[in-house]
Amino acid sequence: MRMIVSGGGTGGHIYPAITLIRMIKEKVKDCEVLYVGTEFGLEADIVPKEKIAFKTIHVKGFARKITTENIKVLCKSIHSIWESKKIIKEFNPDIVIGTGGYVCGPILLAASLMGIPTMIQEQNVIPGITNKILAKFVRHIAVGYADSQKYFHSDKVVFTGNPVRKEVLTASRENGIENFALDVNKKTILISGGSRGARSINNAMIDVHAHFAGNKEIQLLHVTGKDEYNGIIAKLRRKSIDIEKVGNIIIKPYLYNMPDAIAATDLAIFRAGAIGLAELTARGIPAILIPYPYAAENHQEHNALAMQKAGAGIMILDKELTGKKLIDIINNLLQEEGKLSFMAKASKALGKPNAASDIADIAIQMLPKA
Ligand SMILES: CC(=O)N[C@H]1[C@@H](OP(=O)(O)OP(=O)(O)OC[C@H]2O[C@@H](n3ccc(=O)[nH]c3=O)[C@H](O)[C@@H]2O)O[C@H](CO)[C@@H](O)[C@@H]1O
């Protein structure tokens, strides 16, 4: 079997693609994969590290209004369809899968026009513009949220949930606690602003750390994002918080073992990126969510609302976020008997741990019958 996969820009489009590739390779022997991305997206860094063959096309995203820049982009897009056709002819795939980001546009469009079976995966409640356009051409659309089915033709759309990497499902709490040298008797709060960190969450956390430093019941594992780490450490120092001494605060720039951290977590404070939320719900972890306010069509707020509506999360708007608000919510959740475990159950009920396997099955059944 030969398969082209495309998806790029942010981790939220790339990790689902990698999860699907791994899952399909587990299910189909002799599966040859080519990943198509752009040279400037995060995929150019992540995909070759996964030892997956990688090729690039030249394509840029559209601004959401008519500009001369957009006309240039349109010309580039036409060229990129030609580039895509060339790659497809050379690789000769049986199927083509897209996981979002504008790089998917030309490759999925070209494949569909060439009569090759295609599918896309949409992670967010509000679909991205590329997937909205591609939906008219592809054969199947697997969506992460029940609420986004309404944007697509009912004959094509399947609600599968978002693919979650296997390690998130298999990591054990004991290992997580051990790997981060956490205290087994304390509740763990994991704070993360997505793959690049979130300044407003980091800043609000300074007061939260000051409040809970040395607390006997909770411990805080705070992932700042690589660019923000030094600034946050300096701010904590100015508040005279000595992380070495207080014993219940861990600050990290980035986690390469996020599944271990999630496994050890009792409460998360997160942005509302779709894959981060899929990982939390796959493990049944309740969350305080602060959606990134500038995501396209404010889709993170809709992702967060879906979790809040189910009783699995509490949303705070970025413009209303303060340290005091976080402290009050944390105290309330920890003091109100049964509240956290009720939210954990609601989170687990939302989780779709089989999503990757289900999406892989849809892809595999598109293969031409031998
Ligand atoms: C700013 C923006 O538009 N972000 C979008 C991007 O999310 P973005 O890539 O920021 O966030 P997601 O939560 O979707 O995915 C982040 C991934 O990175 C991993 N991780 C993160 C931090 C870390 O230290 N270690 C680590 O491994 C997480 O476990 C997860 O697998 O794509 C998502 C899926 O389309 C969208 O919902 C988000 O709105």
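Start with three helices: select α1 (11-27), α12 (274-283) and α13 (299-309), each of which supplies at least two residues of the shell around the ligand. Keep in mind that this is a predicted model.

Next, colour by domain. Domain 1 (2-164 + 353-364) and domain 2 (167-350) each give at least three residues to the ligand's shell.

Now show the whole shell, 25 residues around the ligand. Sorted by class, you'll find 9 nonpolar, 15 polar and 1 charged. Which of them come nearest? Pick out Gly12, Gly194, Gly273, Ile275 and Gly276.

Stay on glycine 12 for a moment; its place is in helix α1. Is it buried or exposed? Glycine 12 counts as buried because 24 other C-beta atoms lie within 10 Å, and the cut-off for that is 20 or more. Leaving out neighbours within four places in sequence, select what glycine 12 is in contact with: Gln123, Gly273, Ala274 and Ile275.

Step back to glycine 11, also placed in helix α1. Glycine 11 has 17 other C-beta atoms within 10 Å, so it comes out as partly exposed. Not counting residues up to four places away in sequence, glycine 11 touches Leu42 and Ser195.

Last stop: the record. An unreviewed UniProt entry carries the annotation "binding site" on Thr10, Gly11, Gly12, Asn124, Arg165, Ser195 and Gln300.

Terms used
Residues numbered from 1 in each chain as written. Predicted model: local features only at pLDDT ≥ 70, side-chain atom pairs only at ≥ 80, totals over all residues. Near = placed C-beta within 6 Å. Helix = DSSP H or I, 4+ residues; strand = E, 2+ residues; numbered from the N terminus. Nonpolar A, V, L, I, M, F, W, Y, C, P; charged D, E, K, R; others polar. Domains from an automatic or database assignment. UniProt positions renumbered as here; feature names shortened; annotations may be inferred. Buried ≥ 20, exposed ≤ 12 C-beta atoms within 10 Å, placed from the backbone. Contact = placed C-beta atoms within 7 Å.
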